[in-house]
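Hi everyone, thanks for coming. Please have a look at what I'm putting up on the screen, and then we'll walk through it together.

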Amino acid sequence: MSQNTRPHHDNEAWDLIIKGKQGIFALHLKDLWRYRDLLFMFVKRDFVSFYKQTILGPLWFFIQPLFTTLVFTFVFGNLAGISADGLPHQLFYLCGITAWNYFADCLTKTSTVFKDNTNIFGKVYFPRLIMPLSIVVSNLVRFGVQLLLLIAMMGYFSLYPMPNTSFQLTEGIFLFPFLVVLMALLGLGLGLIITAITTKYKDLTFLVTFGVQLMMYATSVIYPLSYIQPEYKKWIAWNPMTTIIEAFRYAFLGKGEFTTYSLMYTTGVTFVVLFLGILIFNKTERTFVDTI
């Protein structure tokens, strides 16, 4: 069921009306603001519950990207000899990993939001979008910590530069907030679509993690876009995350290929995916308890 706000009159003892049927475009987005305290409560819950039974706790925020960076440097940088676009390999990979991890976390955790919260959704009313939004916000904490690690590594290589490498902050840093929003909304939109589909087709849940890993190799995380041969570059560029990763590297390290057109394309795709995700999520959440 869903609820609409109704003006309160002196002769009425209620301010809400519960209605059984609503149109697909009745998204009740205003309720998200009314339930903002619940949003922050879920954010706190996600952070505390995930790390309270770990030995190292939030240190895993640093360990995971650092270890992945070292592996990528050894395998793709040293063994495979893939170009890092004139950047130190460690910085090149860490920059891509930091951006990719935020997008991937938003997508994978949102993609199971119905399955993971069936008990809550079936017992009490609140705007269902609060739950996936809380995932996007809580992942910002991890993203912020990993960003500090990137900045610290930039400081290290500024003091101890590697031969034949260089990097610098550029004016693209002003795009940083916009890029973060794009990553969050794209991951949210795709996650909403997947979680709606997997309420009926549960087998797809097992493909999500594998699919995200494959998608990473179709994005310029482990290689620069300039490294790709022209006949294949256009296919990689169709991936909206490629533009975001390239712009992210350009902002922090001064190397990356993106254009105003590619940024507009990525923005358009992101909002289309988000709009479709919200519509499908809104339609599914009315009956998903019966399905699951």
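Let me begin with a question: among contacts in the protein chain between residues at least 6 apart in sequence, what percentage join residues at least 24 apart? The answer is 77%. Keep in mind, please, that what you see is a predicted model.

Now for the overall picture. The protein chain has 13 helices and two strands. It runs to 292 residues, and buried residues make up 46% of them. As for the surface, the chain exposes about 15,800 Å², with carbon and sulfur atoms supplying 68% of that area.

Next, helix packing. Two packed helices are described by the angle between their axes and the distance between the axes.

Our opening pair is α4, which covers residues 89-110, and α8, which covers residues 176-198. Their axes come within 7 Å and cross at roughly 25°. Angles under 35 degrees count as roughly parallel, so α4 and α8 are roughly parallel to each other. The crossing is right-handed. Which residues of α4 meet α8? They are Ala99, Tyr102, Phe103, Cys106, Leu107 and Thr110. On the α8 side, the partners include Val180, Met183, Leu186, Leu190 and Ile194. The residues of this contact divide into 13 nonpolar, four polar and no charged.

Now turn to helix α3, residues 60-79, and α7, which spans 130-159. These two pack at an angle of about 55°, and their axes are 9 Å apart. That angle makes α3 oblique to α7. The crossing of α3 and α7 is right-handed. From α3, Phe61, Phe62, Gln64, Pro65 and Leu66 take part, and they meet residues of α7, among them Val141, Arg142, Val145 and Met153. How do the residues of the contact of α3 with α7 divide? There are eight nonpolar, two polar and one charged.

Finally, I'd like to point out one residue. Find the loop between α7 and α8, and you'll find Asn164 there. Is Asn164 buried or exposed? With a relative accessible area of 79%, Asn164 is exposed; the cut-off for that word is over 50%. Here is one more thing to look for on the screen: Asn164 and Gly86 are 78 residues apart in sequence, and their C-alpha atoms are 7.0 Å apart in space.

That's my tour, and I'm happy to go back to any part of it.

Conventions
Residues numbered from 1 in each chain as written. Predicted model: local features only at pLDDT ≥ 70, side-chain atom pairs only at ≥ 80, totals over all residues. Heavy atoms only, no water. Helix = DSSP H or I, 4+ residues; strand = E, 2+ residues; numbered from the N terminus. Buried < 20%, exposed > 50% of the residue type's maximum accessible area, 1.4 Å probe, protein only. Contact = heavy atoms within 4.5 Å. Areas by Shrake-Rupley, 256 points an atom, 1.4 Å probe, with all protein chains shown as cover. Axes fitted to C-alpha atoms, helices over the stretch in contact; angles between N-to-C directions. Parallel < 35°, antiparallel > 145°, perpendicular 65-115°, else oblique. Left-handed = near helix turned anticlockwise from the far one by under 90°. Nonpolar A, V, L, I, M, F, W, Y, C, P; charged D, E, K, R; others polar.
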